[in-house]
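Hi,

Here is the structure I said I would pass on.

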Amino acid sequence: VYVTADEAGDVAYVESFRLNAWKRSLDELRERRIVDLETGDVERLVVSWPEEGGVFELVLVRNAEDDWQIEHPIAARADQETVGTLLSNLAYLQASGFVDERTPEVLDALGETAIAFRWTQAGGNPESEVEGESESESAGAGAVRIAGLLDGARLVEGKGGALRRIAAESLDDFARRLTAYRDKTLTRLDPATLERIELAFGIPGSAEAGGLVLMQKEGVWSAEGRDLDPEAVAELAAMLASLRGGDIVAEEMGDAELASLGLAPPAVHVRLNSGAGGAAKGAGDGTDEGGVASVALELGRLD
């Protein structure tokens, strides 16, 4: 390739591969990051998606302890991992292509909403509308909507009505069920401070009933009169101390339903006793003034 710095300069010969970095299409030069979002600064997040009969709206707020809470449609602690992952996926969402004309096909895709997000960052106005506002009015607030399919990709509408494409499978990165956002933590204890684990099997008083009491002293687990593998018991203790559900099956059940799951009566009773300082935030079904925590679990049949 012949190259000159200006019209009056010398003409040089350059190997063409050295100029490949300059051979860019317009789309390659455009910003592919869809959302301008600092995950640690988000204070309020509204997630909405279509459900039969209307639109479901979920409102999440970050409290003074930096924990996410569900504000609407119920008041409950949110699953911190799920909300954090959603914000991260949103912040790093990348466009696979750009749409500059609103053709009939584009308008059809825009007519569908798969999921939509509105958020407020520190210092922003939670009631502000991003589109059509001045820069100062929309500071700290943002919105994006994942719409329908267009040529095998999902259409995304961002700030100012900008349209981009994303991979269709990217939609799977964003949960669209209330229970996915609810806290499913069953126990939050420090395994190092667990002192005692009581396990009771079967119906008390029956011939099949049995039990096992595990105790930890100076970091070693044992059970009186039984030969146990301390490492295996330590793994069990760690699992029970940080037990997390995969889903919420129901808010409540009747006796017949509980019995069908092996919970009336329970197949296994578990009680965890932790020493002072062992209770994590929100953990346990009882903590005395000395910080000693006790957690009870009832386990049903294996599914």
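Asp79 sits in the loop that runs from strand 6 (76-77) to helix 2 (80-91); helices (H or I, at least four residues) and strands (E, at least two) are DSSP runs, numbered from the N terminus. Asp79 counts as buried because its relative accessibility is 2%. The classes here are buried for under 20% relative accessible area, exposed for over 50% and partly exposed in between, with a 1.4 Å probe and protein chains only. Leaving aside neighbours within four places in sequence, Asp79 is in contact (heavy atoms within 4.5 Å) with Ala180, Tyr181, Arg182, Asp183, Lys184 and Arg244.

Before you go further: this is a predicted model, where local features need pLDDT of at least 70 and side-chain atom pairs count only at pLDDT 80 or more, while totals for chains, interfaces and linings use all residues. Residues are numbered from 1 along each chain as its sequence is written, and side-chain values use heavy atoms, with hydrogens and water left out.

On confidence, pLDDT is the predictor's confidence in each residue, from 0 to 100. The protein averages 86, and 86% of the residues score at least 70. Strand 5 (residues 68-72) has the highest mean, 98, and helix 1 (residues 26-29) the lowest, 78. Over residues 128-137 the pLDDT is below 50, and this stretch has 10 contacts in the model beyond near neighbours in sequence. Where pLDDT is low, the predicted coordinates should not be read in detail.

Now the overall picture. There are six helices and 16 strands, and 35% of the 303 residues count as buried. Among contacts between residues at least 6 apart in sequence, 59% join residues at least 24 apart.

What holds the interior? A nonpolar core here is a set of buried Ala, Val, Leu, Ile, Met, Phe, Trp, Tyr and Cys residues joined through side-chain atoms within 4.5 Å. The largest has 33 residues, of which Leu60, Phe117, Trp119, Ile146 and Tyr181 touch the most other members. Helix 2 gives the largest share of this core, five residues. A second, separate core of 19 residues includes Leu212, Leu240, Ala241 and Val295.

Then the charges: I get 16 salt bridges, each being a side-chain nitrogen of Lys or Arg within 4 Å of a carboxyl oxygen of Asp or Glu.

- Arg77 pairs with Asp183, with the closest N and O atoms 3.4 Å apart. Arg77 is in strand 6 and Asp183 in the loop between helix 4 and strand 12 (194-201), 106 residues apart. Arg77 counts as partly exposed at 24% relative accessibility, and so does Asp183 at 23%.
- Glu112 pairs with Arg154, also with a closest N to O distance of 3.4 Å. Glu112 is partly exposed at 39%, whereas Arg154 is buried at 12%.
- Arg196 pairs with Glu198, the closest N and O atoms being 2.7 Å apart. Salt bridges that share partners also join Asp67, Arg77 and Asp183 into one network.

Val213, in strand 13 (residues 210-217), touches both Arg196 and Glu198, and also Ile197, Ser222 and Ala223, not counting residues up to four places away in sequence. Val213 counts as partly exposed because its relative accessibility is 31%.

Happy to talk any of this through.

Cheers
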